[in-house]
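Please walk through this protein with me, from its charged pairs to its rings and its surface. Keep the sequence and the 3D view at hand.

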Amino acid sequence: MATRAWLDPKDHSIEGHTKQCILTFEGSIKWGPKSCHDNTTQLRDALHKADSRFDMIIMDKPKTNEDHTATISVSAGDKVYLDKLSTHANMSELCKIVFDVQQQEQASSCFILGLPSHLIVLLSSYLTPASRILFSQTCRSLHDILDNTAPATGQNKSNHGHHTRDEHLEYLALLAKDLPRHWACEACTALHRVSRRDLPTSPECNPCPLGKEAWRERVYDGESRVDRRQIALDHRHVQLALKYTRTQSHRYRGYLRALLKPYHDPKFCQHASLRWERQTTFSSKVVQVDYSIRPKIVAGPDGQLRFLLLSTWRYNHKQQDGAILRYDLGNLAICPHTEFCYDRNRYCILDRVEELESAVNEVRQKTQWDQDPSAEACGACPRCPTDFAVRGIPGCMEVRVWQDMGTEGSPMDLSWRNHVKRLDLQDQNFYCLGPVLEHQPGSVRSLFEANQKSPVQRPRGWNLLGRIRGLRERDARDTRDTALVKSTGYYHDTRRDSNDDKKKQALNIDLMLNLNMMLDSLILL
């Protein structure tokens, strides 16, 4: 902990000085000799308690009368060792020496602190504002340098008051990367505790204190991210899954499995409004739609973990070889820019992305008229990292969509904002409006299919042998705890039955493993 000494102003007084003092650090003289009051012994004791390397040599001298216009205090960390001791103004030199000595001591073991202050400020100017804040919080020396030597424009200031809302959100996102129990909320611009009930399939369990409706009003302008019929995958779900995969957190492995669990809806409604959330949805009477998703976290070409999502819609006619009409397909938005709709004149004014509609029409034509049993059409959204494939046979058509939801970052990063339909009241993102994030068509699909296994090694306890080992360790721990309680004379065995069940379960699993090993040996023979 760094030792700090500082002065505060006080009412003028005249005191007699009969001492002179010398400040030393590790036996080396750093300041003095200077005239001082008899109470300087309290300052000496406080400095030595705060940091034993500091000491003061106090000697007698002829009496002189001097002005006292300040008080001096000493602290280390959160503890105050000296509180407002009356002194004279020349003690400001001592306060500066105490700071400089510790900074030089740090610089001897840290290369960057050995650089001149103006070079440190120059290097920090190449960082983003959020990274500059974290850089200034590394130690007190860097914080003082970046705060006190910044230009008057405030460009390199490390405090939060000089940054925009987007920059502050980026700072919170960087901070949350090392906090497993917190996530950065784009509605409140604050960190919130993680709730394990908060899942993309359970939007009513939003952990934000504002509540689900108020949160959605601030983040999505009262609408959904793309289409309210789909799962409510939000930025916090993507970030938590990426963070727990990167850190291999044993505590949150169950929650990670829940975040990455596939989802299936056998009664997906084909018809719904894509622009007005209050409009009702309904399904066709002759076509049933199965909707499923499969999240996956993979390592991208740059080595960073990425959250990929495979969404599948399967349109099944109730008659095996029935023709699927365009009206029966309804409308579907796979991203904010790409959709198909049974009413071609519905959005004729806007410049829509036609790739998906063209693929659907091509597959329908080949299936119904050309009788092509393996009709398939592929494409990609030109404005976001989304690939799709449409394939069909008589009586059935399937739409598969691969999306790259980005890496760990801020809710304001383009990799996430590009997947949100309504950013705010002034900034919209659909059809031909909004930001563009280009990608190589087919690259997201290739990345998803190339990584069949998770790139991160699973932590211990995920497999069957790990569970057996954990069960045995728990039984051994329960046995030790029981023996300890028995030794105190106060013991009532209320867990005997449960422990017996656990042991029987472990024996059954051991028998199953032995049988499997015997079968494997027979197969090899």
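Start with Glu408 and Arg246, whose side chains meet in a salt bridge with N and O 2.7 Å apart. The model shown is predicted. Glu408 lies in the loop between strand E14 (396-404) and helix H12 (414-417), while Arg246 lies in helix H8 (residues 235-247), so the pair ties together parts that are 162 residues apart in sequence. How covered are the two partners? Glu408 has a relative accessible area of 18%, and it is buried because buried means under 20%. Arg246, at 34%, is partly exposed.

Other salt bridges share partners. Arg314, Glu376, Arg391, Glu398, Arg400, Arg445 and Glu449 are joined in this way into one network. The count of salt bridges comes to 20. The general idea is simple: side chains of opposite charge can pair when their charged atoms come close.

Now go to helix H7 (212-220). Here Glu213 takes part in two salt bridges described next. Lys212 forms one with Glu213, and their closest N and O atoms are 3.8 Å apart. Glu213 also meets Arg216, at 3.3 Å from N to O. Glu213 and Arg216 are separated by about one helical turn, because they are 3 residues apart in helix H7. Are these side chains buried or exposed? Lys212 is partly exposed, with a relative accessible area of 37%. Glu213 is partly exposed too, at 47%. Arg216 has a value of 26% and is also partly exposed.

Stay in helix H7 for Arg218. Arg218 is exposed, with a relative accessible area of 53%. Look across to Ala187. Arg218 and Ala187 are 31 residues apart along the chain, yet their C-alpha atoms are separated by 5.7 Å.

Next come the rings. How many aromatic pairs are there? The count comes to 8. Take Tyr263 and Tyr291. Their ring centres are 6.2 Å apart and their planes stand at 70 degrees, so the pair is edge-to-face. This pair links distant parts of the chain: Tyr263 sits in strand E7 (residues 263-265) and Tyr291 in strand E8 (residues 287-299), 28 residues apart. The two rings belong to a cluster, in which ring pairs link Tyr263, Phe268, Tyr291 and Trp313. Tyr291 is buried, at 1% relative accessibility. Tyr263 is partly exposed, at 29%.

Which residues form the positive patch? Arg181, Arg193, Arg196 and Arg251 do. One of them, Arg196, is in the loop between strand E6 (190-193) and helix H7 (212-220). Arg196 is partly exposed, with a relative accessible area of 44%.

Leu119, Leu122 and Tyr126 form it, with about 340 Å² of accessible area together. Tyr126 lies in the loop between helix H3 (117-124) and helix H4 (129-136). At 69% relative accessibility, Tyr126 counts as exposed.

How values were computed: Residues are numbered from 1 along each chain as its sequence is written. This is a predicted model: local features need pLDDT of at least 70, side-chain atom pairs count only at pLDDT 80 or more; totals for chains, interfaces and linings use all residues. Side-chain values use heavy atoms; hydrogens and water are left out. Patches are made of residues with over 30% relative accessible area and no salt bridge: like charges are joined within 9 Å, nonpolar side chains (Val, Leu, Ile, Met, Phe, Trp, Tyr) within 5 Å. Accessible areas come from the Shrake-Rupley method with a 1.4 Å probe; for residues, only the protein chains shown count as cover. A salt bridge is a side-chain nitrogen of Lys or Arg within 4 Å of a carboxyl oxygen of Asp or Glu. Lys and Arg count as positive and Asp and Glu as negative; His and the chain ends are not counted. The place of a charge is taken as NZ of Lys, CZ of Arg, CG of Asp or CD of Glu. Helices (H or I, at least four residues) and strands (E, at least two) are DSSP runs, numbered from the N terminus. Buried means under 20% relative accessible area, exposed over 50%, partly exposed in between (1.4 Å probe, protein chains only). Rings of Phe, Tyr and Trp (its six-membered ring) pair if their centres lie within 6.5 Å; planes under 30 degrees apart count as stacked, over 60 as edge-to-face and the rest as tilted.
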